[in-house]
Amino acid sequence: MSVLLLVISALVLIYFSIGGKTAAIVMSVATLVGVANDGWHLLSFVIGGLLLALALLITLPGDLRLDKFSRPLLGWVRSRLPKLSPTEQEALNSGSVDWDGELFSGKPEWNKLLDAAPAHLTSEEQAFLDGPVEELCKMLDDWQITHEHYDLPDKVWKFIRDKGFFGLVIPKEDGGLGFSNTAHSEIVMKISTRSVSAAVTVMVPNSLGPGELLMHYGTDDQKHHYLPRLAKGKEIPCFALTSPVAGSDAGAIPDKGIVCKGEWNGKEVLGLKVTWNKRYITLAPVATLIGLAIKVYDPEHLIGDQDDIGVTCVMVPRETDGVNAGARHLPMNTVFMNGPTWGTEVFIPMEQVIGGQDMLGKGWKMLLECLSIGRSISLPALGTGAGKFASLATGAYAYTREQFGRTISQFEGVQEALEPIAGYTYMMDAARLLTAGMLDRGVRPSVPSAVLKYRNTDLMREVINHAMDVVAGRGVITGPRNFLARAYQAVPIGITVEGANILTRSLMIFGQGAIRCHPFIVEEIEAAGMEDQDKAAKQFDGIFYRHLAHTTRNALRAFVLGLSKGWLETAPRQGDIQKYYRQLGRFSAAFALMTDVTLLTVGGGLKARQRLSGRMADCLVHLYYATAVIKQWHEEGYPDDQRDLVEWCLQTCLHDLQDSMRDAIINFPVPALRWPLRLIVFPLGATGLNGPDDKLGAKVAATIVNDTPVRQRISRGTFINMDPDDPLGRVLNAYKLANETAEMRQRLHEAIRSRDEDELDGIALLMGHQRKELVDWACAQGIIKADECPKMEEALTALYDVIRVDAFDADGLKALAKGAKGKRKVVERPGSGS
């Protein structure tokens, strides 16, 4: 009895985070009551004494605990904590922590999520979306852009400049539009549903580039000169970071600037002689202002005692002697301006260093701060836009395409592909909006930005692949009718740029998040790195025991919630989704425990354990996206027509989260810990979270097929075109007519099925392009009323037109190869694939 009482007392104290003197008193009382009840049994006395000693340890006088326990512990901890390079230390210090910190805590405070200011648009921003953005989308013909002009038309470039698209986020006082991050995301997303090439052209000057860097770090003179010119498109910017030999390792860039004196505008001034060789630089072929990340050296000590100054951001005007740019890369048949730039010993004055001479060597921190913004907006918006477009177009196509006398959207195999298109799109949109809301609150989400970039571009690939499966042959034939080809071709771009997804998943997300978002590790690393040993020991002493209690509490929470299947966790009542809150709380505790165990045992070796880091990153991704879905549903007032989508997303995230955590445990690099971790995290086994069943999956697939408000919600923000001569408009027009004539066509199908061959008089053998004959027969038979015939023929014409594909004659193909407009025709012959 005494042992049970003592253990329960200790567990309760730790579980509810009760420490200090209160814990010591409770344990003292429990010890006395326990041993008295058992008649001073030796075992009770020993266990009680140990537990009491542990409680008293925390309340020992500071100097005694410091000398006898904390100093020796600090030496051991120093050997386990990861060693950070200066570049990694700057990455760690950049950005800020928000909801991601709650997920790492092991006990998320749900009110912080639900009460946080959401992403929203002002009336001015909405008017811009409804006006200039809509007008720009109408001007874009993606086939002409990618196969005839290999560029945006001149009128489009002019429109983008004149309407301020290059100055979306530049403050109004500097000549820009001063829009929010949410507006930036919505604008890029909408344009991307029309043309990826145009979307990239707009997004780059507004994310990582001279403009963003100048806004945050530029001198007053730099801001006054460049920001108005950038906002009005008088300067076209690019920012060159990637070098051929450095790749994703920005800290290893070989491009350099040597401090020296040189001539600028007829005067001798102090500056840099810059040599660079960059590639994959968006807008470089047309940029008038080239931003560069270089390493600066001062071998003659003209500005100080250091030889190696460090990574620095500079601006080089395109017309400067020695600058080379203009050649182009062609990234996967999307023709946004992208190419190399290089120069050898090009002199620029110190006034061309972003932030001036005082910012020499501080470029890496500058880039990290701004990159967390751009990575949170640009590519996640492209990924979400692809999902929304695929949902809108593929859902409509699945409804209009008929086989065996019924729409293919009724086939379970097709529904299995439509289901993740709808669900993942809703998930991407929720995560995009959660993170945009953070940015608008002033958060610099370094970890969520990596999560969002990786997952949204990865889900873009999933969604577009499923869409291609549904559209099938209609999606693989090149031509102006193909509405999916460009999105399909653009998928690898998002996966690769701004930090390749392999790197982001296996190194950045968990590697940075485990330290940056942990409530204690950052301070412990700082203590371990202090040269003053007394100060280091005191800081460590004030942190370590709280960290120990934090880890123990999360181990207990994970075990208890695993045994109870989450039912002992408190959860908000809004939305009637308490079971999901409970499971997310349980796995947050398990994730926090796994984080501490990983840092304790693997420590500095985590960088080499990229499979473990990647699996832990996946755990964080699924936690983040599940909570983003909850937040979005909360902000929309818990509409019931979205419940199926919300439940699908939450079930999918929890199932994938369980699998990722299980894989991390059974492959944990310290074999002796695998069994204990499985026992704590999965005391009843890794079961019970099986993901959405077929019934729910069919409902989710129907959300993008049926003409309902929830279909409009999923595709919200997409450019809508109903023109039957437009690639997307052709599908949407047919979808509209198919819905309007559904009952008529059903009558026709039933009539054909119910009659024998003699009564049909050859009607069943009519080809798809013999629509008039079919309608005339139906009218003569009284199947369709006379006043319905024109509408019926229009609908059948539109439905047939949707499945027709392009074909080019030999001269047309040769013309296309030369970049001219090729002669083409639409395949109509029976048996030709039409």
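# A chat about a predicted protein model

Analyst: Of the 834 residues of the protein chain, 56% count as buried, where buried means under 20% relative accessible area, exposed means over 50%, and partly exposed lies in between (1.4 Å probe, protein chains only). This is a predicted model, in which local features need pLDDT of at least 70, side-chain atom pairs count only at pLDDT 80 or more, and totals for chains, interfaces and linings use all residues. Residues are numbered from 1 along each chain as its sequence is written, and side-chain values use heavy atoms, with hydrogens and water left out.

User: Thanks! How many helices and strands are there in the protein chain?

Analyst: The protein chain has 34 helices and 11 strands. Helices (H or I, at least four residues) and strands (E, at least two) are DSSP runs, numbered from the N terminus.

User: What share of contacts join residues at least 24 apart?

Analyst: Among contacts between residues at least 6 apart in sequence, 76% join residues at least 24 apart. Contact here means heavy atoms within 4.5 Å.

User: Let's pick one residue. Where does Val296 lie, and is Val296 buried or exposed?

Analyst: Val296 lies in strand E4 (residues 289-297). Val296 counts as buried because its relative accessibility is 0%.

User: Which residues does Val296 touch?

Analyst: Not counting residues up to four places away in sequence, Val296 touches Gly257, Val259, Leu272, Asp307, Asp308, Ile309, Gly310, Thr312 and Leu360. Take Gly310: the C-alpha atoms of Val296 and Gly310 are separated by 5.4 Å, with the two residues 14 apart along the chain.

User: What about Ser391, buried or exposed?

Analyst: Ser391 is buried, because its relative accessible area is 1%. You can find Ser391 in helix H15 (residues 363-400). Leaving aside neighbours within four places in sequence, Ser391 is in contact with Ile421, Ala422, Thr425, Ile704, Arg711 and Ile714.

User: New topic: how many salt bridges does the count come to?

Analyst: The count comes to 32 salt bridges, a salt bridge being a side-chain nitrogen of Lys or Arg within 4 Å of a carboxyl oxygen of Asp or Glu.

User: Which residue forms a salt bridge with Asp726?

Analyst: That is Arg194, with the closest N and O atoms 2.9 Å apart. The pair links distant parts of the chain, 532 residues apart: Asp726 is in the loop between helix H28 (709-714) and helix H29 (727-740), and Arg194 is in the loop between helix H11 (181-192) and helix H12 (196-206). Both Asp726 and Arg194 are buried.

User: And where is the salt bridge partner of Arg505?

Analyst: Arg505 pairs with Asp618, the closest N and O atoms being 2.8 Å apart. Arg505 is in helix H20 (residues 501-516) and Asp618 in helix H24 (residues 610-635), so this pair too links distant parts of the chain, 113 residues apart. Arg505 counts as partly exposed because its relative accessibility is 24%, whereas Asp618 counts as buried at 13%.

User: How many residues apart are Glu743 and Arg747?

Analyst: They are 4 residues apart, about one turn of the helix, and both lie in helix H30 (residues 742-754). Arg747 is partly exposed, with a relative accessible area of 23%.

User: Which residues are linked in a network of salt bridges?

Analyst: Glu186, Lys388, Asp429, Arg432, Glu636, Arg713 and Arg716 are linked that way.

User: Switching to backbone angles, which value does phi of Asp576 have?

Analyst: Phi of Asp576 is near 55°, a positive value in a residue other than glycine. Most residues other than glycine have a negative phi. Asp576 is in the loop between helix H22 (533-563) and helix H23 (578-601), and Asp576 is exposed because its relative accessible area is 56%.

User: What about phi of Asn333?

Analyst: Asn333 has a positive phi of about 60° although it is not a glycine. Asn333 lies in the loop between strand E6 (324-325) and strand E7 (338-349), and with a relative accessible area of 23%, Asn333 is partly exposed.
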